[in-house]
Amino acid sequence: MASAQDVFTLKNGMRVVVDEDNRFPLVSMRLYVRAGSSMENPGQEGMSHFLEHMAFKGSAGRLPGQAAREIESAGGSINAGTSFDYTVYTLDLPAQKLQLGLDILQDMVFGATLDQKEFDLEKQVVLAEIQRSMDNPSSRVFQSVQSRLWADTPYSHPILGSTESVKAMSPEDMRQYMHRHYQPGQTVLSVSGDVQSGKVLEAVRAMFEDVKNRGYHRSLPVLATFSPADNPVHIMHGPWQKAYLAVALPAGTLNSPRNAALDLLAQLLGGDSTSLFYRQFKYETGLVDDISARNLSLDRAGMLYFHVRMDPDKVKPFWEKFVPTLAGLDVSAFTREDLNRARISLEENVYRSRETLGGKASWMGFDLLLKKDVRSRDRYLEELQRVTLEDLESALEDFIHMHQAVAAILLPEEVPAAGDMFRIEREVSEDTAEPGKPGEDKSAKPLVRDLGHGRTLAVLPDDSLPYTALRIAWPGGDALISPQQQGLAELSASALTRETTERSYTRIQEFLKNRGASLGASAGRESLSLSARFPVRYSRDMFDLIQEVITRPAFSPQELQRAVDNQVASIREQEDRPLGYAFRHLFPFLFESGTNGYLHLGKEDYLLAVQPEEVREFWNRQRQKPFVMALSGQVDTFELEEFVSRMQELETVRPTPAPESIWAREKHKQSRLKDRTQAHLLKVYPVAGKTHEDTAGLKVLNKILAGQGGMLFRELRDRQGLAYSVTSMLWQTPETGFLALYIGTFADKTGEALEGFQEIVQDIRTNPPDPGEVERGANLLFGEYHRGRQTLSSRAGEASSLLVQGLDLDFRKEQINRSRKLTPEDILELARKYLVPENSYLFEILPE
């Protein structure tokens, strides 16, 4: 893999960075524009985000939605995002389509037309997105602390803006904003992939160098010194089952020399399950479901941010312990081993950002735009190594001042909370390689070996990083439990890696963090898997731990209770989110029997009554099924062979077929959620399982409907402005499946949305699609296949998932090849076969 990173500056000031990486036949592009919500003046709140939307709604060279359709037709994906300090446009494409990607970026970013009709339609979409954010409790508490910690600064308002500010915007307002900020001298183009640097520069110059700056960009002013908020604790109520809490303190900016120390401090306090607050408030006292900390550093502002989710009756006791704990923090709370473990975790995050082409393009563009240096992450790694406990002590003294803290607490409506229940004391302390042929997959060929007794080993070599990703999968999961045991498979998987007969939960977590490794397990409807990722130099240590977890899990009452608490908390968190509620209850609505109809996480009453013996009995049956073991990355073959030999000593029992899933007779379900603002509709059509010959066509049919260039988006979002989010999705097991149309829309627009679904289905059942739409679908399958396989863990997961289902490793490639042979008439035939109105199901989630 080549690692050259070349930086160029065009005559108009646009900066370009190119990274040559020929591991995949892909190219990732990121165009960063120095236009974020912190550049907005009063009355412009949300302008940057709205403008990002409008870049897709017509340009000098393309009609609304055409850019997305062209990219998807080439097998790529296109998106954009707005932050406080920038807007970024993202493109991922087959490498030979580089020129197309550059043309579209130049056209949509610098040539947006801002047509009045499209502007009015998209405004409704943005307003729906604002409503959607207010249905998310975590967004609410962040916006509350954001508005008060950064009061009277450009960072105080949400990136999306407000309903009032967006409603008042006009195309002329946006045009002036775009002319001021969308200038080549304020942009960075980052390119990573199977390309040659010189040829990229030549193409970029031809495409972008004639774009003129419209004026001079003024330096952004330094923000005023922080002043304490008048209302440090904001208490809110809503229709939630859980309580959500956020606490924020002012911290350093993006280019602060203290950032490495602050990142380490946040990691030590709430970065993962070994952190101080997680151990104290989650593991030891059980006061919270989850607690996290992060150092959020922006260009001209920063905060130390703590986020907590818990049961409502635990908010007050948690608060009474948390505030004095935070205020009284001392460096003696951390050991040098803790510091080293946190350092390894942060280093791992940096290395992970370099694992994919998109990840590399993103960090190179971000660093060049805001840090003026694409090698800043290497310097950051060096800074991490230099941070000492003394530096952490200095950070605690300089940044943990409770008189500067703000907090937000979101409670269920029935929970009373007087203003004096939660206080923050205000005493002030004294200190304030060469590219190959286009389309060629250069990854090493997998090695697959039959281990006997139905067991399989697959190794997918990749020397790009000194890491190994492993996934062991067993057939089973929900298929091994009775209807009365719903949730047991996932609970067992969750408890599996928490504790062994030799090691406690804390010891396991410290063991993993000391090695920059991860280990976890999860269950599905027809399988259960254990996953690990670790530096190859720790292979022996990790294989020993994995064998110990599989053969000697403890399932102690204490750790099982913590796993139960986590799963119950996840159920309630799902129920708090309309989409989470929808997908939790969709499968029991669709299937009246069989494991597909289970509530995968189960019900609270059953989980709270589960005993260790029941979990132990399930696991003993599960681990006796014939496993599939897949590894990706650098692999220590000696240690692997030793591990395989030990694993083959486990007893194996032939897997039993999963109970047949029977589709429900009742085809309409309506649920109402209190005090929500949006409606969520799912129109579901049963289809064949993935081993059926129709699968390739069903995948293309789904792509014709889905995506920014798909029929649903074009008609219901772009033309009618009915929703922020509308798409289709294809779900399949080997035996059965469904294609679902989804829309999140305004509560008073559900009738129009359902009519829109009906009209689109009627159209696709009546008229064969344009050949270009079929080609777009096949190309999207190709692009998504390669993009989704860039990480080591994704490749190990894909291999184990396919093999445990009895499918070949090339199954997805074969589907792509078949999709390229499909005709419009084939898709029409499939639409008539499966999109049958009388066979469909309708699930509505409506505001009460």
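Two strands count as paired here if DSSP finds at least two bridges between them. Keep that in mind for the opening stops, and remember throughout that you are looking at a predicted model.

**Stop 1: strand E24**

Select residues 841-847, which make up strand E24. Seven of its seven residues are buried.

**Stop 2: the neighbours of E24**

To find one of the contacts, click histidine 668, whose bridge partner in E24 is leucine 842.

Next, bring in residues 678-688, strand E21. Here the pairing with E24 is antiparallel, with five bridges. Which residue stands opposite lysine 683 in E24? Leucine 842 again: it is the one facing lysine 683, and it also partners histidine 668.

**Stop 3**

Time for some charges; the structure holds 55 salt bridges. Go to helix H12, residues 336-353, and show the side chains of arginine 352 and glutamate 348. They meet in a salt bridge, 3.0 Å from N to O. The two residues are four apart, about one turn of the helix. Arginine 352 is partly exposed, because its relative accessibility is 35%, whereas glutamate 348 counts as buried at 9%.

**Stop 4: from helix to helix**

Select arginine 377 and aspartate 367, another salt-bridged pair at 3.0 Å, N to O. The arginine is in helix H14 (residues 376-386) and the aspartate in helix H13 (residues 357-370), so this pair ties together parts 10 residues apart in sequence. Is aspartate 367 buried or exposed? Its relative accessibility is 0%, so aspartate 367 counts as buried. Arginine 377, at 22%, counts as partly exposed.

**Stop 5**

Show arginine 449 and glutamate 641, whose side chains meet in a salt bridge (3.0 Å, N to O). Arginine 449 belongs to strand E12 (residues 447-452) and glutamate 641 to helix H23 (residues 637-647), so the pair links parts that are 192 residues apart in sequence. Arginine 449 is partly exposed at 35% relative accessibility, and glutamate 641 is partly exposed too, at 38%.

**Stop 6: a charged network**

Finish by selecting Lys242, Asp289, Arg309, Asp311, Lys314, Arg572 and Glu604 together. Salt bridges with shared partners join these residues into one network.

Methods
Residues are numbered from 1 along each chain as its sequence is written. This is a predicted model: local features need pLDDT of at least 70, side-chain atom pairs count only at pLDDT 80 or more; totals for chains, interfaces and linings use all residues. Side-chain values use heavy atoms; hydrogens and water are left out. Buried means under 20% relative accessible area, exposed over 50%, partly exposed in between (1.4 Å probe, protein chains only). A salt bridge is a side-chain nitrogen of Lys or Arg within 4 Å of a carboxyl oxygen of Asp or Glu.
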